[in-house]
Structures are given as structure tokens and as C-alpha cells.
Amino acid sequence: MKYSISVMLSLSLILSSISTTIASTLPQPIRAEYFACKFDNGKGFDDLNKWVDEWNKWMDDNKLSGYQGNILTPLYRSPNDHHDFVLVGITDNAETMLNEKSEYFKSGPRASWPAKSCPAAFTARQYLFENPKDWQMNYDEFVAIFRDCNMQDNKSFGDVYSARQKNLTELRGHGFNHHSRIVIPGAGVPAGIGAYDFMMLSVQASLKDWGINSDKIESFRGTLTSTSDVYSCGKPRAFVGKRIRQRN
């Protein structure tokens, strides 16, 4: 009996150590919210740009400096008429995001929002990977590429992060430079995305850079180490992005 208890305690300590090791491979997540919206009748991007100017002034006046805003418009996705654009907000933590939301509900810019119908609106955690050295993004025209992914049985997000990190090291060794992060949807996730464990997000610095990277990968695609024993992803869908607010 004493031997059995000793074995169980030893096994418990080993499993605890493994769990701690896996957890330590993940960086601290940041928070995001996604609003995939359709313009009201008679409204368009000119109205959205006016709202952006009004919203930015309101954010500055209220010293809400911890919120980053991006607008994504569909480029390559089918069907591409589910929404006209996606507003993506990013903060360091949930408190900052939800405090900004509370203030926004009482604000003037809320009334002038030109796209009341948002078929998809959800929160997410994002785990970022380190950028390549000297990598710079064109904030007026970057490319956001999403893939829906599932983990293999008995794998964790720590395993996914480690496998992706190795994959990125190989890619960058061949001169393929881009930004990457794991997106884990939370509250409000639509059924189509919620059917998967996570999304893998790749951000190309610009449309031109995406073209350069796409041409490069054809010469070494077959030599990359497969991640299929840890996770697998579907076909990509691409958006053109524009940064509308930088967080401090």
C-alpha cells in the first residue's frame, strides 16, 4: 500500500512537471475582439472613415490609450459577401478592453457607427510569436491570413506553440519573413469558427511582401518539417488590413 501511494505521488509530480513545462512554452496572451459587419443602407467606407476620425478624437480626449484598432477587408475568401469589413480591437488584457467598451457605450461615436449589422462578433486570446529581425509592417496595407485549425488528440496549445515556433524558424531560415500568432476564440464565436480549436494567423507586411514570400516558398515547401502530428489547418482566407489606431 505504501509502495502504491509512493508511486502515485511520484506520477503526480511527474505529470505536474510536464504540465508546467507545457504551460511555460506559451507567452502571456493578449486580448482581441472581432466585429465582422455589413454597412447600413446608403453607407460605405467614406462613412467608416469619418467614424474612425470621430472615434480616435474621442479616444484621445478620454485618454483611452491601450486599445489598438484595425480594419480588415475581404480579399481572397469565398463567399466574400458575408460582411463588408472586420473591425479588430486589441488590448494587453481583458480589463482594458472591457473598460473601453463600457466607455464606448456612453459615447457619441457609437451613434455614428455606419454598420449596425455585425453577423459575427466575438472575443479571443492571441498568443504572439517574435517577429523577424528588422521586420516592418505597412500599416496602410498589410495582409492578414487566417486558417482554421484543430489539434491532434492529446495535444495542447503549448504543443501547438512549440511546433509552430520550429516551423517559423525554418521558414525564416529560407528568408520567408512574416508575423504569426495563435488565435483562440472565446465569447460569441460563430459556429463555423467554433467548430475548430483555434485559428492560425499570419500577417504579411504588405501585398508586395506577400507576393515575394509566396514566390520564395515554392522552392522549399517540400523540405519543411510537417506539423501534422500536432495540428492541422484548412485552406487560408486573406484580408487586406489597415491600422486605424495604435495603442501606447
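Predicted model: local features only at pLDDT ≥ 70, side-chain atom pairs only at ≥ 80, totals over all residues.
**Note on the aromatic pairs**

1. Residues are numbered from 1 along each chain as its sequence is written, and side-chain values use heavy atoms, with hydrogens and water left out.

2. The structure has 16 aromatic pairs. For a pair, ring centres of Phe, Tyr and Trp (its six-membered ring) lie within 6.5 Å; planes under 30 degrees apart are stacked, over 60 edge-to-face, and the rest tilted.

3. Take Trp-58 and Tyr-104: the ring centres are 6.2 Å apart and the planes sit at 70°, so this pair is edge-to-face. It links distant parts of the chain, 46 residues apart, with Trp-58 in helix α2 (residues 45–61) and Tyr-104 in helix α3 (residues 94–104). Helices here are DSSP runs (H or I, at least four residues), as are strands (E, at least two), numbered from the N terminus.

4. Both partners are buried: Trp-58 has a relative accessible area of 13%, and Tyr-104 has 11%.

5. Back to Phe-85, whose ring centre is 5.7 Å from that of Trp-113, with the planes at 70°, so that pair is edge-to-face too. Phe-85 lies in strand β3 (residues 85–91) and Trp-113 in the loop between α3 and β4 (117–128), 28 residues apart. Trp-113 is buried at 10% relative accessible area.

6. Ring pairs also join residues into a cluster, with Phe-39, Phe-45, Trp-51, Trp-55 and Tyr-67 among its members.

Note on methods:
Buried < 20%, exposed > 50% of the residue type's maximum accessible area, 1.4 Å probe, protein only.
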